[in-house]
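Student: I have not looked at this chain before. Can we go through it step by step?

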Amino acid sequence: MYSIFTERQPSIQLQEIQQKLIDTGICTIENCPGQNSISKSLRNDLLLTRKKIRVVPRESQTAQIETKLDDFINFISTSNANNLYFFDETSFLKTSGNRKYGYALYGHEPIEIQRYASSATLTVNLMHSRSGVAYFNFVEGPSDSLHLLNFFVEVFHQRIYGLPILKPGDIVIMDNCRFHHSRLIQNQLQYLFRVNGVTLRYQPPYHPELNTCEYCFKLIKDGIKRENHYYEEHMELAIYTLINENIEFRQENRGVRDEIRVVKDENRNVKDEIRVVKDENRVVKDEIRNVNNDKRDLEEENMILRDRKTALEEENRRLQQRIAQLEGVPLS
């Protein structure tokens with residue numbers, strides 16, 4: 001019964017479970033289990049733990065959104081991971097220099113002077129791939145459709161070691177932000193992707209977790225919290241450094257992955273050779289087993305022949321004795 005309550009309402013409290021047990025007539029006030037007993041049952045019997053709840057919009061549970069999600073997952077699962085690029089943008093407040101918690105005497109409120117007087121923002125447009133951050137730029141203030149178009153114009157004109165960032169056959173995925181579908185740039189954006197042989201695909205609504213840029217932004221913002229003074233004095237440089245650290249980490253990680261892949265390939269070849277040897281060994285064992293079976297059959301035949309020989313010898317002995325008896329009797 002506890003599982004039904006927690007499945008319908010994961011945020012239910014222990015006292016609410018007690019009240020539901022009483023309201024549904026499962027138990028009375030006198031024999032209602034205590035909160036400690038309910039907590040132990042949830043933890044030990046049902047293996048439930050209390051976690052932070054992720055609230056999802058009701059609209060995301062509709063059949064239409066579920067269909068779009070299934071189509072997107074099928075599309076991603078059948079695409080080459082090396083051709084997938086995710087785009088997103090995020091804003092950094094210049095007024096975020098003050099921390100949320102501080103020390104003060106018991107009963108007193110910690111007070112700190114505001115480090116910034118303006119609420120200006122800095123927007124980071126970022127494109128992320130399997131190998132790490134592919135390209136990014138900064139925009140003073142909030143981003144819009146024109147900045148989006150300019151970003152991809154830069155991407156298609158930039159070269160890294162003489163190679164384009166996006167090549168024909170690649171796929172760019174972005175969310176359904178309103179200005180991503182703006183009429184002002186929609187045709188130009190589609191044309192820009194089409195002439196470069198790149199596919200533009202949008203995520204299903206209400207599913208930001210499907211964009212890998214979100215995880216990249218989290219790493220950047222966590223790094224800013226650790227280097228708050230650096231961020232206060234040189235915000236753009238701090239973000240640039242954190243992104244480059246992520247790129248270098250990804251490149252090193254990619255090198256390690258390549259080495260691991262080589263080792264796995266070698267290990268796979270060794271396993272294949274071992275499998276061949278095992279198969280040959282199995283064939284030899286089968287031949288030995290067949291030889292042993294033939295040997296056993298011959299031994300059984302030999303034993304039968306020996307028994308037959310013994311029987312014949314015994315019969316021959318009886319015949320000789322009979323002959324001797326007959327020869328000892330005079331003929332009439």
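Student: Where is Cys177 found?

Tutor: This is a predicted model. Strand E6 covers 171–174, and helix H6 covers 183–195. Cys177 sits in the loop between E6 and H6.

Student: Is Cys177 buried, partly exposed or exposed?

Tutor: Its relative accessibility is 25%. Buried would need under 20%, and exposed over 50%. Cys177 therefore counts as partly exposed.

Student: How far apart in space are Cys177 and Asp88?

Tutor: In sequence, 89 residues separate Cys177 and Asp88. In space, C-alpha to C-alpha, the distance is 9.3 Å.

Student: How many helices and strands does the chain have?

Tutor: The chain has 332 residues, and 27% of them are buried. Its secondary structure comes to nine helices and seven strands.

Student: Why is strand E2 described as largely enclosed?

Tutor: E2 runs over residues 121–129. In a regular strand the side chains alternate between the two faces of the sheet. On one side of E2, Thr121, Thr123, Asn125, Met127 and Ser129 are buried; on the other, Leu122, Val124, Leu126 and His128 are buried. E2 is largely enclosed by the rest of the structure because the buried count is nine of nine residues.

Student: What do E2 and E3 form?

Tutor: Strand E3 covers residues 132–140 and pairs with E2 over seven bridges, in the antiparallel sense. His128 has Val133 in E3 as its bridge partner. Two residues lie between E2 and E3, and the two strands form a hairpin.

Student: What is the angle between helices H2 and H3, and how is it described?

Tutor: H2 holds residues 14–23 and H3 holds residues 35–45, with axes 10 Å apart. They pack at about 100 degrees. That angle makes H2, relative to H3, roughly perpendicular.

Student: How do the residues of the contact of H2 with H3 divide into nonpolar, polar and charged?

Tutor: From H2 come Leu14, Gln15, Ile17, Gln18 and Leu21. They meet Gln35, Ile38, Ser39 and Leu42 in H3. The division is five nonpolar, four polar and no charged.

Definitions and conventions:
Residues are numbered from 1 along each chain as its sequence is written. This is a predicted model: local features need pLDDT of at least 70, side-chain atom pairs count only at pLDDT 80 or more; totals for chains, interfaces and linings use all residues. Side-chain values use heavy atoms; hydrogens and water are left out. Helices (H or I, at least four residues) and strands (E, at least two) are DSSP runs, numbered from the N terminus. Buried means under 20% relative accessible area, exposed over 50%, partly exposed in between (1.4 Å probe, protein chains only). Axes are lines fitted to C-alpha atoms, for helices over the stretch in contact, and angles run from 0 to 180 degrees between N-to-C directions. Angles under 35 degrees count as roughly parallel, over 145 as roughly antiparallel, 65 to 115 as roughly perpendicular and the rest as oblique. Contact means heavy atoms within 4.5 Å. Ala, Val, Leu, Ile, Met, Phe, Trp, Tyr, Cys and Pro count as nonpolar, Asp, Glu, Lys and Arg as charged, and the others, Gly among them, as polar. Two strands pair if DSSP finds at least two bridges between them.
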